[in-house]
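Please look through the sequence and the 3D structure below, and keep both at hand while reading.

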Amino acid sequence: MTIFSKVINELRSSEIRDLMKLANKPGMILFSGGMPDNDLFPLDIMDSLYNHLTDAEKKVAMQYGPTSGIPELLASLELFLKKKGLPVGSNRLMITTGSLQAINILAKAFTDPGDTIITENPCFIGAISAFKSYQANIVSVPLLSDGIDIERLKDTLDHSPSNPRFIYLTPNFHNPAGTLYTADRKHEIATLLKGRNIPLIEDDVYSDLYFHNEDKPHLKTFKEINPDGIDVCYTGSFSKILGPGLRLGWMLVPEYIYNKCELIKQSFDACSPSFSQMLAHKFLQTQAVYPYISKVREEYAKRAMIMTEQLHHYLGDIVQFTIPRGGFYIWLKLPSNLDATTILEKAIAKGVVVVTGKTFDPHGVINNYIRLSYCNTSADKICKGIPLLAEAIRASL
Ligand SMILES: Cc1ncc(COP(=O)(O)O)c(C=O)c1O
């Protein structure tokens, strides 16, 4: 009998996955997917970008490329990030195979088995899995409506028996909580981390998808704030602003961290797909990215508003949630005695799929929330699905 490693044996399948098998029936309304709507992909633009590639560019696209990324994309992405205010000149940029790979590489670079690391609670499930695969001891700090609980974070840092190896945060339109950290909270965190020798992994895949111009001051990233004495490792992605099928993300990190990460990436996959990189480069170089982001931002804002109205109408008296200001998600707090797995079971029976709260708890316990995505479901399906979800919740009261 083949013997598996301890770490793989500890990565458990869950009852959620079994429930999700039932969710694959045709006709289900999916509020579960954290991906863009297939109908929003810029297919015409991608056709045209490919058709206008020269033979020389097509050859680059078909070939292995440098580990850090093809020079064409590195140059156009630097410009894109510079426009966002990021300090590209004083950091190194690496193209990765999705931003999840960037998170994985950084976690591998910083963590030995048993090392303590800090996350928010709730936390992006992909990051939790990556950290567990390096056998990190995850200490989580509650996320509040304006960002991580600063008092609890201070307490955790002050009382940690060993210096945490890194802290991982998603300050702009958190997955699953939708939270946008306030500028004040970001500055408090920067002050708190200063001089502690704890790198900050800043996951920023949703910041382009803001719904209100007046939020722009709060969107300023830690990387842009460039706090003194903290190594900010910034990660981003094409997944939410173009298409996750390209599998392209990036990290922007101090040079000495970059050098270690390059070695790790060489062992993972040598380089990210050149074909995707060439298309992403053209998407940026031709400036097609800007009107496209505006278009999807508007569509997601509309869907978020419709879902919010529906939730207020059908469930307003019994659930709590924050109206989303960007990103993909609503994090719905169930009435206190309700368990999200029971709700999921009942919702699936009615034809609606959501994600249970405990999926995003690094310790797999807190389960009185559900995550609803509005990104991947049309307005009319949202209007059909929320009343069904409301029935499932009310039937459990
Ligand atoms: C917060 C967050 N970070 C990272 C990712 C990973 O994205 P990708 O690997 O597709 O770039 C996701 C995907 O859902 C996410 O929600």
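This is a predicted model: local features need pLDDT of at least 70, side-chain atom pairs count only at pLDDT 80 or more; totals for chains, interfaces and linings use all residues.

Strand β9, which covers residues 249–253, is mostly covered, since five of its five residues are buried. Here a residue is called buried if 20 or more other C-beta atoms lie within 10 Å of its own, exposed if 12 or fewer do, and partly exposed in between, with the C-beta atoms placed from the backbone. Residues are numbered from 1 along each chain as its sequence is written.

In a regular strand the side chains alternate between the two faces of the sheet. In β9, Gly 249, Met 251 and Val 253 are on one side and Trp 250 and Leu 252 on the other, and all of these residues are buried. Strand β9 also has partners, where two strands are said to pair if DSSP finds at least two bridges between them. Five bridges join β2 to β9 in an antiparallel arrangement, and Met 94 stands opposite Met 251 in β9. Strand β8 also runs antiparallel to β9, joined to it by four bridges, and here Tyr 234 is the residue opposite Leu 252.

Another strand to follow is β13, residues 369–373, in which five of five residues are buried. Tyr 369, Arg 371 and Ser 373 point one way from β13, while Ile 370 and Leu 372 point the other way. Strand β10 (residues 329–333) runs antiparallel to β13 and is joined to it by five bridges, with Lys 333 opposite Tyr 369. Strand β12 (residues 355–356) pairs with β13 as well, in the antiparallel sense over two bridges, and Thr 356 stands opposite Ile 370.

The helices can be followed in pairs. The axes of α6 (residues 99–110) and α12 (residues 255–268) come within 9 Å and cross at roughly 115°, which makes α6 roughly perpendicular to α12. Helix α15 (residues 340–350) and helix α16 (residues 379–394) pack at an angle of about 135°, with their axes 9 Å apart, and that angle makes α15 oblique to α16. The axes are lines fitted to C-alpha atoms, for helices over the stretch in contact, and the angles run from 0 to 180 degrees between N-to-C directions. Angles under 35 degrees count as roughly parallel, over 145 as roughly antiparallel, 65 to 115 as roughly perpendicular and the rest as oblique.

Some details of the backbone deserve a careful look. Most residues other than glycine have a negative phi, and most peptide bonds are trans. Phe 173, in the loop between β6 and α9, has a positive phi near 60°, and Phe 173 counts as buried because it has 27 C-beta neighbours inside 10 Å. Asn 197, in the loop between α9 and β7, has a positive phi near 65°, but Asn 197 is exposed, with 11 other C-beta atoms within 10 Å. A cis peptide bond joins Asn 121 and Pro 122, with omega about 10°, and Pro 122 is found in the loop between β3 (116–121) and α7 (125–133). Another cis peptide bond joins Asn 175 and Pro 176, with omega about 15°, and Pro 176 lies in the loop between β6 (167–169) and α9 (183–193).
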